[in-house]
Amino acid sequence: MPEMPQMKKIPIEELKPGMVFTRTVFGDNYEIIAEPNTPITSKDIENLKKKGVKFVETTGELKGVVKIQEEVPLVDRVESSARELMTFYKSLVDSVESVYTNYKVNKEILPEKVVNIVEKVIDKISEVGDKNVFLNLINIVDKTKYLPTHVLNATILGLLLGKEINYPESKLKLLGTGILLMDIGMVFIPMSILERETKLTDEEYNKIKTHTVLGYKAVVQENNMSPEVGRVCLEHHERWDGTGYPRNLQKQQISEYARVAAIVDTYEAMTRKRVYRDRMMSFEAMRAILTEGSTKFDPDILKVFLRMMSVYPVGSYVMLNTRAIAKVISSDPISPFRPVVKVVYDEFGTKIDDGETIKLSEETKIFIVRPVKEEELK
Ligand SMILES: [Fe+2]
């Protein structure tokens, strides 16, 4: 009678990536870790360790150790971190949407939820450490859910700007909360007006203007939140030269947070498709803010904003939607998202010496997915 093959226990510490056994390798619940003649990967070992498994079993023999290519290609690494950020962003859009809907239905703002969203953005900005990643993110995201994406993008921009102004965490929180809630009064404006494709009547426009006062009441009177937050709702449409609404305030009469909000609100609104105009490209938005807008915003804050928006410095690297990685060879603060780039790695992550030069301002189908840090190229 043939002898039953003996199960051998192999401690996890002895497992090495690339080990190949002659028979199947099992985990502690007899799940298959590796088929016969198939190398064990470092990912398998990592997973086993994570689950606290102490050993694996097999009736086979160690056949040898093969060298396996486990390095994740550069383009995949860059792409997966971009995807992760996109998932983070989408979950925030959902949270913001539920804050606005909840207020519409229950008249309740849930301040903890709002502050929590703001804190998440602040933490993510510190974690990623590169403002350009976010400037790029809000430039490429789907903006169909109008209100939630508008206020979220404005909040991200406002927090980046607040950091550039060197606000401490406490000020950042107030600023972010204010911007996130600035359009809460809009929930009372009929969708028929908000989504109107044709020009609004004076009466309809006046109705839209009430969102500022309604927002202040919602925040301060109905929900006992800080008046500093309420003033962002009330004053984000006031303008430095006194031409805004609802009270024609000017200069320092407008709260500082509302002056920051005015810039990021205007910029964000200009870079999306809106009633009676096509989506303005970001560089056109920037040009508009620079020219006709120069008297409308706090000049000191505007200066910081414009400096912040020079997104892709010459010499930095970016990933394109073609999966190629390119180097920025010239950039223009007026068209911050569409510099001239030269491809240095192709879509498979292979280094190319004489890559194509692309003028992104002239290529409508190619855009930057995210900046790439130099360390990532190694
Ligand atoms: Fe507004």
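1. Let us begin with strand β5, which covers residues 55-58 of this predicted model.

2. Strand β1 (residues 8-11) pairs with β5 in the antiparallel sense through four bridges. Strand β3 (residues 25-26) runs antiparallel to β5 as well, and two bridges join them. Glu57 is a handy landmark here: Glu57 is the bridge partner of Lys9, and Phe26 stands opposite Glu57 too.

3. Now step back to the whole chain. The protein has 13 helices and eleven strands. Of its 378 residues, 35% count as buried. Taking contacts between residues at least 6 apart in sequence, 65% join residues at least 24 apart.

4. Next, the nonpolar interior. In soluble globular proteins, nonpolar side chains tend to be buried together. Here the largest nonpolar core holds 58 residues, and the members touching the most others are Ile179, Val219, Ala261, Ile263 and Val264. Helix α11 (residues 256-270) is the biggest contributor to this core, giving nine residues.

5. Beyond its neighbours within four places in sequence, Ile179 is in contact with Val151, Ala154, Thr155, Gly158, Val232, Ala261 and Val264.

Definitions and conventions
Residues numbered from 1 in each chain as written. Predicted model: local features only at pLDDT ≥ 70, side-chain atom pairs only at ≥ 80, totals over all residues. Core = buried A, V, L, I, M, F, W, Y, C linked by C-beta atoms within 7 Å. Buried ≥ 20, exposed ≤ 12 C-beta atoms within 10 Å, placed from the backbone. Contact = placed C-beta atoms within 7 Å. Pairing = 2+ DSSP bridges.
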